Amino acid sequence: MNLDAQHPLSSGLTADSSLIRAYQGVRPAQTPVWFMRQAGRSLPEYRDLRVGTDMLDACLDPAMASEITLQPVRRHRVDAGIFFSDIVVPLRLVGVDVEIVPGRGPVLGTAVRTRADVATLVSLDPSVLDAGLAPIREAVTRTTDELGATPLIGFAGAPFTLAAYLVEGGPSKDHIHARTLMHADPAAWADLMAWTAAVTGRFLRAQVLAGASAAQLFDSWAGALSQADYVRYVAPASAQAISHVRDLTYLERPADEAADPQEVRRNVPVVHFGVGTGELLADMHAIGADVVGVDYRIPLDEANRRLGGTVPLQGNVDPALLAAPWPVLEAHVLDVLERGRSAPSHVLNLGHGVPPETDPGVLTRLVGLVHEAGRASASA
Ligand code: 1CP
């Protein structure tokens with residue numbers, strides 16, 4: 001399906017941005033940079049705005065979600081906004097009893113442990129989201145109206161990471177109940193994953209249709225899985241989740257219309273990211289992603305080798321180094337940029353989210369360093 005003519009990719013507003021070009025495998029003059037969890041607790045303006053508002057209520061307030069999304073773009077001059085929301089928002093909207101407990105994360109009213117629990121959950125109809133996602137669509141439209149030529153990235157949780165919260169009932173280290181269920185009752189597991197894919201896929205599609213120029217699927221906890229389990233019990237549902245945006249295309253006018261009047265049909269780029277997933281990179285790409293997000297545990301040149309040298313990469317500054325002395329961080333960032341040059345293209349990001357105690361001034365300085373390094377190498 002074609003995005004409508006006002007969408008920032010169709011209108012040309014974001015189609016030639018450094019982020020979108022890098023996601024398409026073209027290396028722009030300046031390496032684009034944004035940070036996972038750039039919106040949120042590292043920013044004093046975020047903490048001020050959030051006083052007295054529950055996290056999920058903030059996500060469902062279009063004016064507040066939009067303002068929080070814009071804060072880090074204004075402050076750091078990053079090359080993309082990431083929509084302020086949470087992976088559990090569509091679960092709440094479809095009727096799951098979930099809240100986000102400060103300092104902890106998503107917590108369920110009841111954990112989904114048995115075949116009967118799964119049956120109750122999947123009786124919630126994902127199609128109610130078509131109406132329920134209205135505040136998300138409104139927040140995205142408000143945001144892209146303000147962002148102009150800076151692309152907005154929409155996101156969703158991958159089915160396994162969401163299932164990990166549903167089955168554990170909250171944050172967990174090893175996701176052992178979820179991993180038990182997939183083997184103990186593969187049929188119930190398949191039902192759970194198919195339902196989760198339908199819910200999270202709709203959340204992602206709504207963001208893109210409303211104006212997001214790229215989509216990122218977060219499978220933050222996939223690193224807990226063996227490769228065999230990932231391929232058998234998880235990858236098909238992740239592919240199903242992104243199928244909700246894989247059909248979305250736009251027509252791009254040629255750079256030189258006189259020489260070549262042919263318009264090019266392009267798809268909305270999809271990024272797939274996981275933590276501790278160095279062994280799964282090729283499988284995570286194979287679900288139909290365009291770009292692979294790499295955490296800080298393996299260097300980008302090694303990630304590129306594992307992906308056969310053909311996949312745009314995103315990553316992978318170690319968030320721990322944000323609190324190190326500047327020369328230490330600077331050397332690390334330059335090393336990440338150098339290793340990223342082995343891939344067809346590279347979007348600089350962290351290997352996981354911004355830690356809440358990060359000095360925001362360090363992030364602003366890091367953006368400057370990445371842009372400066374890009375200019376230096378372009379003129380070299
Ligand atoms: O009170 C607060 O400020 C709550 C902290 C917070 C924030 C700011 C949570 C709770 N979620 C968010 C926003 C959020 N969540 C974003 C915002 C956009 C941005 O990046 O700037 C995004 C992309 C997410 C996605 C998310 N939520 C993921 C995937 C990314 C990742 O970090 O791995 C996951 C795993 C969650 C669950 C979650 N929500 C919140 C927390 C603290 C957690 C993690 C809990 C755990 O460790 O299991």
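Predicted model: local features only at pLDDT ≥ 70, side-chain atom pairs only at ≥ 80, totals over all residues.
Residues are numbered from 1 along each chain as its sequence is written, and side-chain values use heavy atoms, with hydrogens and water left out.

**Stop 1: a pair of rings**

Select Phe-155 and Phe-218, which form an edge-to-face aromatic pair, 5.6 Å centre to centre with 90° between the planes. Rings of Phe, Tyr and Trp (its six-membered ring) pair if their centres lie within 6.5 Å; planes under 30 degrees apart count as stacked, over 60 as edge-to-face and the rest as tilted. Phe-155 sits in strand 4 (residues 152–157) and Phe-218 in strand 5 (residues 214–219), so the pair ties together parts that are 63 residues apart in sequence. Helices (H or I, at least four residues) and strands (E, at least two) are DSSP runs, numbered from the N terminus.

**Stop 2: salt bridges**

How many salt bridges does a search of the whole structure find? There are 17, each being a side-chain nitrogen of Lys or Arg within 4 Å of a carboxyl oxygen of Asp or Glu.

Go to Arg-21 and Glu-252, whose side chains meet in a salt bridge of 3.0 Å, N to O. This pair links distant parts of the chain, with Arg-21 in helix 1 (residues 18–23) and Glu-252 in strand 6 (residues 249–252), 231 residues apart. Both Arg-21 and Glu-252 are buried.

Next, pick Arg-339 and Asp-301, another salt bridge at 3.0 Å, N to O. Arg-339 lies in helix 15 (residues 326–340) and Asp-301 in helix 14 (residues 300–306), so the pair ties together parts 38 residues apart in sequence. Arg-339 is partly exposed at 29% relative accessibility, and Asp-301 is partly exposed at 30%.

To finish, select Asp-16, Arg-21, Glu-252 and Arg-266, which salt bridges with shared partners join into one network.

Methods: Buried < 20%, exposed > 50% of the residue type's maximum accessible area, 1.4 Å probe, protein only.
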